[in-house]
Structure formats: structure tokens, C-alpha cells
Amino acid sequence: MPAVAPGAIDCDLHPAVPNVKALLPYFDDHWRDMIVQRGVHELDSISYPNNAPMTARPDWKPETGKAGVDLDRLRAEALDGFQTSLAICNCLYGVQLLYTEDMAYAYARAVNDWMAAEWLDKEPRLRASIVIPPQNPEYAAAEIDRLAGDKRFVQVLMLVMDEMPLGRRRYWPIYKAAERHGLPIGIHAGSAYRHPTTPVGWPSYHAEDSAAQAQAFQTTLSSLMTEGVFAEFPELKVVLLESGFAWLPSHMWRLGKFWRGLRMEIPWVDRHPMEIAKEHVRLTINPRDVPPSAEAVERLMNHFESDEMLLFSTDYPHWQFDGDDALPDGISPALAQKICQDNPLATYPRLKETVS
Amino acid sequence: MNVKTETRTPTSADPSVKLAIADCDIHPSPKSVEKEIYPYLEERWRKHNDIYGLILRQPYQSGPAYPKGQPDAARRDAYVPGGGRPGSDVKYMGTHHLDEHNVQLGVLNPLRSGQGLQNVDFAAAYCRAVNDWQISHWTSQDARLKGSVCLPYEDAALSVEEIERRAGDPNFVQAFMLIRTSEPMGQRRYWPIYDALAAANMPLAVHAFGFGGTPSTSSGWPSYYIEDMVAHAQSAQSMVMSLVMEGVFERAPGLKVVVVEAGFAWLPPLAWRLDRIWEKNRAELPHVKRPPSEYIRDHIWLTTQPFEEPDRRSHLKDTMEWIGWDKLLFATDYPHWDFDDPARLPLPKVDKATRENFFLGNALDLYGLR
């Protein structure tokens with residue numbers, strides 16, 4: 001297996017909110033009262049049932065409670081474990097799933113302030129994504145503006161399945177704010193569960209919910225490209241988190257094929273989608289939906305026609321691989337170097353600003 | 001594509017020098033519903049259609065939710081000389097398409113067939129009429145053409161009746177559904193259909209489009225026709241996933257499924273992804289006894305139009321090898337705008353036998369017509 005060299009940058013790991021009590025200090029009086037009085041439950045998404053196999057790798061799972069809540073374990077298992085120099089925290093508390101936009105805004109602020117105080121202040125290798133309430137793009141933009149001065153926040157976090165396809169103009173204030181501050185948009189697996197998790201209705205099994213994320217990422221990329229997000233925001237980068245990546249080339253072939261036939265409908269798309277993807281889209285390496293043989297992985301890598309699109313991630317504490325087998329066989333040492341360090345540094349300009 | 005094409009050279013118009021092919025996706029239309037379909041509909045449903053029309057889970061009485069790129073999504077040269085919608089005249093289709101491309105086997109997939117109608121009784125009556133019409137107006141008129149049994153699939157019992165009515169009828173080579181069902185196709189409400197098809201040894205074609213009513217992406221409705229067209233590939237992935245993960249192929253090991261007009265290059269990454277997730281969730285899926293990729297390899301075929309077009313043909317060759325050359329069926333989608341011309345297909349270089357099977361043999365094997 002290709003080694004992860006010391007100094008890698010882990011672009012997707014998941015410190016978890018242990019419980020709502022831990023967040024209470026970060027709400028204002030009104031929301032603290034509301035949460036206590038109303039007995040608001042934990043906002044744990046059904047995307048990651050707490051005891052499901054992939055929610056926590058067996059050796060990263062505590063005897064009781066949630067994985068990813070303990071800073072010392074995260075240091076030992078994720079940071080020291082892979083000798084990473086920097087790691088980007090994507091908190092998956094179910095803020096985006098709330099139906100009340102005011103409440104979502106309050107929770108987003110609380111989660112971000114909790115992240116800064118409980119993780120970033122305590123561990124200098126950690127960076128984080130800004131959690132926003134996509135329920136209200138104006139609130140979301142305000143939250144980005146509020147935190148953008150703190151350079152340890154390096155990205156804006158959204159979920160791949162929201163109320164509408166993410167390219168829709170409704171979301172553009174978010175992209176405008178992100179571009180203004182040099183923040184990529186990180187789009188993570190997960191859903192606000194406004195719609196069935198497959199385009200043909202609700203599946204029966206959690207395993208299907210996990211697998212269907214890849215289809216959601218595909219239609220989301222279609223939306224971002226066809227709506228003209230990258231024409232309107234030429235500096236914007238989008239990072240697909242926990243998305244899988246093997247599907248990307250064939251999806252671009254498909255979108256490119258129809259772009260050739262139907263581009264009159266979307267005249268602002270003036271390049272083949274694969275060209276847009278090479279410039280604007282990045283994908284994290286775990287989970288890896290790759291073929292079983294190293295030789296086939298090597299061929300698949302060639303289909304990307306670029307060595308700049310993939311970013312290292314452990315997806316800690318989710319279970320995507322065992323031991324230190326974080327990169328699939330078939331990736332060359334040169335490509336591994338790009339994936340682990342060069343590409344993350346090129347994608348997140350703020351990483352360079354905060355390390356000497 | 002709607003562009004003016006060059007005039008054919010005399011040799012290319014001579015069928016005797018061309019490879020004989022199977023076209024696994026041809027769309028016939030009636031010239032007139034009243035004249036061609038009504039004779040096979042009971043009086044009650046003729047009146048129903050006169051009053052209410054074909055009400056689907058989509059916004060408009062007629063026409064698609066997303067306006068097409070051109071009228072009827074048709075090739076401009078496919079309009080029948082002297083009048084008639086593209087694909088509405090067996091004789092013109094015979095010369096314009098079957099003779100021209102030396103089509104030895106043409107599989108008919110009727111689209112406005114009653115499938116997905118809100119009223120399932122009407123759907124069943126209309127599908128049955130369209131199936132009768134395929135015999136009277138098409139398969140009995142040109143021996144190269146074979147029909148598909150349109151199923152009113154949202155009602156399994158009515159679908160089973162139609163399968164049993166047509167089982168063993170040489171006019172038909174397969175049954176026919178649309179991908180966008182109202183629930184994922186692996187759900188138990190559809191299982192009697194698969195049992196009946198396996199018993200009848202009839203493959204099931206599942207074509208792009210459909211009227212299930214749920215948004216065509218899991219993030220809601222997209223804005224553009226191009227998104228709707230590309231999204232058939234994602235719907236197809238969800239459909240294949242559902243069939244595998246719900247255990248349909250364990251229950252009906254004889255079932256063969258053909259994915260039609262939804263792309264094919266997405267299949268290997270889907271299979272790899274499902275295998276990894278299956279490994280870690282075996283406890284949730286005791287009914288899925290083998291790795292998902294094995295069910296896919298054994299049970300899924302795909303038609304190739306609209307053909308995948310990466311910049312490098314070697315990348316496409318990788319993909320076609322990963323799928324298996326024996327699982328790919330050539331199709332043109334005649335008379336639609338995104339027609340694939342067999343003489344101009346950017347097919348990777350392969351040996352003669354593989355090429356001939358791709359264009360013809362695989363279909364003859366699947367449909368038992370060798």
C-alpha cells in the first residue's frame with residue numbers, strides 16, 4: 001500500500017458534539033432557555049446511526065458514547081497516527097436538518113464557537129469548516145462574514161442533499177461570501193432529508209443511504225455547473241467530502257456529452273465540464289469506491305487526466321479502511337505526495353497563511 | 001443531434017456490405033391515438049381518455065416537464081414524408097432506419113404507453129392496448145421488429161396479468177418499465193413482477209424517464225433539461241442498487257435486467273462502491289449473500305446510447321472491459337435527436353468477434369434469437 005508520508009494534510013475528520021449540553025455555553029440566553037425548556041433532542045442525523053459499523057472504526061470506537069468526542073484520542077489516533085501536519089474538522093451535527101431557520105442559525109453559531117474554543121484553541125494542528133444554516137442563505141453569508149477573520153476556519157461546510165440542488169441561485173449569497181474570503185465550499189455527504197435519498201424514492205437500508213450519496217454528489221455537480229456557479233464565481237473551489245471519487249470521470253463524460261448537444265440551454269457554460277472540474281472541483285480520498293486491483297486503480301487514476309483533484313482524508317472516526325491503509329493500492333508515490341500535501345495546500349489558501 | 005449531415009456515399013447505403021446489427025432501443029409512436037390505439041381500448045377507457053387525457057405525476061397535460069431541445073426530441077429527418085410524427089410509420093422506419101443501417105433486429109420500446117398513469121386501471125388498459133398495437137402495426141408488418149411488453153408496473157397484480165398474457169408470444173422479446181418508479185424498484189410491491197418474468201424467462205428492460213413523482217435528484221428538482229437528461233444515469237444507479245440490495249436477484253435468480261438509454265460508464269464505480277459498503281454492513285443485509293458486483297455481473301445488461309464519449313478512447317475501453325463486453329447492447333434511440341449512428345460510433349478498437357457481438361450477438365443471445 002502507498003505510504004502516507006509524515007506531514008500529510010487530512011482534509012476530512014469529524015470531531016463530534018458529545019451532547020447538546022456541551023453546546024449550551026455557546027448559545028445566547030434566549031436559545032439556551034428554549035433548548036432547555038423545550039427539551040430539544042440531540043441533532044444526530046440518521047446519515048450516521050450512532051452504532052452503525054461505518055460511523056466509527058472498531059478500534060476508534062469508545063466503549064460507551066460517541067466516537068470523535070475526545071481530543072486526546074483524536075490526537076493519538078488521527079493526528080499522531082498518520083503524522084499529519086494539519087487536519088480540517090468537519091462537524092456533522094444536524095444543524096442543516098432543522099426546519100426553523102432561526103434555530104439553525106443559532107445552532108450554527110454555537111457549533112462554530114464551540115469548535116473554536118474546544119478544539120482549535122487546544123490543538124494547533126486543527127483547522128475547521130464554518131457550519132452554516134443553508135436554510136437561509138443571508139444568515140449563512142452573515143455567519144461566514146462573522147468568522148472569516150479567524151484564519152483557522154478554512155472552508156464553508158454544506159451537505160450534499162439540501163432543499164434544492166446546490167447550484168440554484170438561491171444559494172449564491174453563500175458562494176459570494178465564500179469567494180470574497182477565499183474559502184472553498186466543502187460539500188459533505190449527508191442530507192437535510194427534505195426529499196427521498198434516491199431519485200426513485202426512499203430505500204430500505206442504511207447501506208443504500210450510504211451508497212446513494214455518490215448519486216447525490218453527481219447531480220449536485222451537474223447543478224453547480226449547469227446553473228453557472230463557476231462562471232459567476234471564477235475563484236470558487238468546491239471540495240467534495242466523503243463523496244467517493246471513482247464516479248467523477250464517467251459523470252463528466254456524461255455531462256460533457258449532453259453539454260455538446262444542449263449547450264444552447266446554458267450558454268454561460270463555455271467549456272467541457274471536465275475542464276471546469278479540473279479547475280474548480282476537488283474530492284477527498286476516503287471512502288474510496290475503487291476497483292479491487294492496483295492495476296485497475298492506476299487506470300482509473302488516468303481517467304482523471306489531472307493529478308490535482310484528490311485530497312488526503314482519513315474520515316476519522318468513520319470506518320473506511322483498517323490500520324494505516326489510508327491510500328488505495330495503485331497510487332504512485334508521486335501522486336500520493338500530491339494528494340497528501342500539494343493538493344490540499346493549493347486548495348486551501350488559508351493553510352499556508354497559518355503555518356510558518 | 002440536429003445538424004445537417006453529409007450525404008452518404010453509395011457504398012455506405014448498400015446494406016450487403018455493412019455489419020448486421022441489433023438496435024435495442026427504437027421508439028415507435030402511433031400516427032393517431034384515436035385511429036391506432038382506440039381499437040384496442042374498451043369503450044370506458046376511450047371515453048376516459050377523451051375527458052381526462054393521460055394524467056401523469058408531472059405538471060402538464062401534454063408535453064414534458066422540461067421542454068426538449070427540439071420538437072418531440074426528434075431527428076428532423078425522421079418526420080414521415082407526407083405527414084406523421086417521427087417513428088409513426090413502419091414502412092418509413094424500414095427504409096429510413098432499418099435498411100439504411102442494416103438492422104437485423106430492432107427492439108421497440110414505446111414511450112407514451114400508459115406507464116406511470118395516475119389511474120392504475122387506466123394504465124393497465126392502455127398498456128395492454130399499446131401491446132396489441134405493437135403487433136398489429138409493427139411486428140406483424142416487419143419481421144425485423146420485436147416488441148416490448150409495456151407493464152402497468154405501479155400495480156404488480158395487473159402487471160403479472162399482462163406478463164402472463166404475452167408469455168411465449170414471439171412478437172415480444174422483453175417486458176418494459178421506466179426507471180423513475182414511485183418507489184425504488186427493489187421494493188417488495190414490485191416482486192410479483194420479477195417472479196412472473198423469471199417464470200416466463202422474459203428479460204426486463206428498464207428505460208430512462210418515468211413518472212414516480214419524487215424529485216429527479218435527491219436534492220430536489222433541477223432547473224434544466226440537460227440536468228434532467230444527465231440525471232437518468234443517477235436514477236439508473238439507484239435502481240440497480242435497489243434491485244441488488246433488496247435481494248431481488250436472490251429471490252428471482254433467473255431475472256435479467258437491461259438498463260436502456262441511461263448511460264453505462266457509471267456501472268463499475270457503482271459496483272465497487274456497493275461492494276465496500278456491503279462488506280461493512282453484512283449484518284443489515286443478510287439477504288444479500290454475495291458481493292453486489294457479482295449480482296450486477298450476472299444480471300445487468302446495458303444499452304449504449306447515448307454513447308459515452310471521453311476524450312481518450314482507451315479510457316472508454318477500460319470501462320467497457322470492467323463492465324464486460326458481453327453485457328453491452330448497441331442501440332440508436334431512433335428517431336430521437338441523440339441518435340447514435342452505428343457507422344460513426346467512437347467504439348474502442350476490439351477484435352472482430354467482440355465487435356460483432358457488441359453490435360448483434362449479445363442481443364441475440366440475451367433474447368434467445370441465435
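In chain B, 80% of the contacts with a separation of 6 or more link residues 24 or more positions apart; a contact here means two C-beta atoms, placed from the backbone, within 7 Å. Keep in mind that this is a predicted model: local features need pLDDT of at least 70, side-chain atom pairs count only at pLDDT 80 or more, and totals for chains, interfaces and linings use all residues. Residues are numbered from 1 along each chain as its sequence is written, while chains are lettered from A and ligands numbered from 1 in the order in which they are written.

**Chain B overall**
- Chain B has twelve helices and eight strands, which are DSSP runs numbered from the N terminus (helices: H or I, at least four residues; strands: E, at least two).
- A compact globule of 370 residues would have a radius of gyration near 21 Å, and chain B agrees with its 20 Å; that radius is taken over C-alpha atoms, and the globule rule is 2.2 Å times the number of residues to the power 0.38.
- Of the 370 residues in chain B, 52% are buried, meaning 20 or more other C-beta atoms, placed from the backbone, lie within 10 Å of a residue's own.

**A closer look at β6(B)**
- Side chains in a regular strand alternate between the two faces of the sheet.
- In β6 (residues 257-260) of chain B, Val257(B) and Val259(B) point one way, Val258(B) and Val260(B) point the other way, and all are buried.
- Strand β5 (residues 204-207) of chain B runs parallel to β6(B), joined by four bridges, and His207(B) has Val260(B) as its bridge partner.
- Strand β7 (residues 300-303) of chain B is also parallel to β6(B), with three bridges, and Val257(B) partners Ile300(B).

**The sheet in chain A**
- Eight strands make an open sheet in the order β1-β2-β3-β4-β5-β6-β7-β8 (chain A), with parallel pairing; strands pair if DSSP finds at least two bridges between them.
- β1 (9-13) and β8 (310-311) of chain A sit at the edges with a single partner strand each, so one side of each has no neighbour in the sheet.
- Five bridges link the parallel strands β4 (residues 153-161) and β5 (residues 185-191) of chain A, and Val156(A) has Ile185(A) as its bridge partner.

**Where the chains meet**
- Chain A and chain B each bring 60 residues to the contact.
- On the side of chain A that touches chain B, the largest share, 16 residues, comes from α7(A).

How values were computed
A residue is buried if 20 or more other C-beta atoms lie within 10 Å of its own, exposed if 12 or fewer, and partly exposed in between; C-beta atoms are placed from the backbone.
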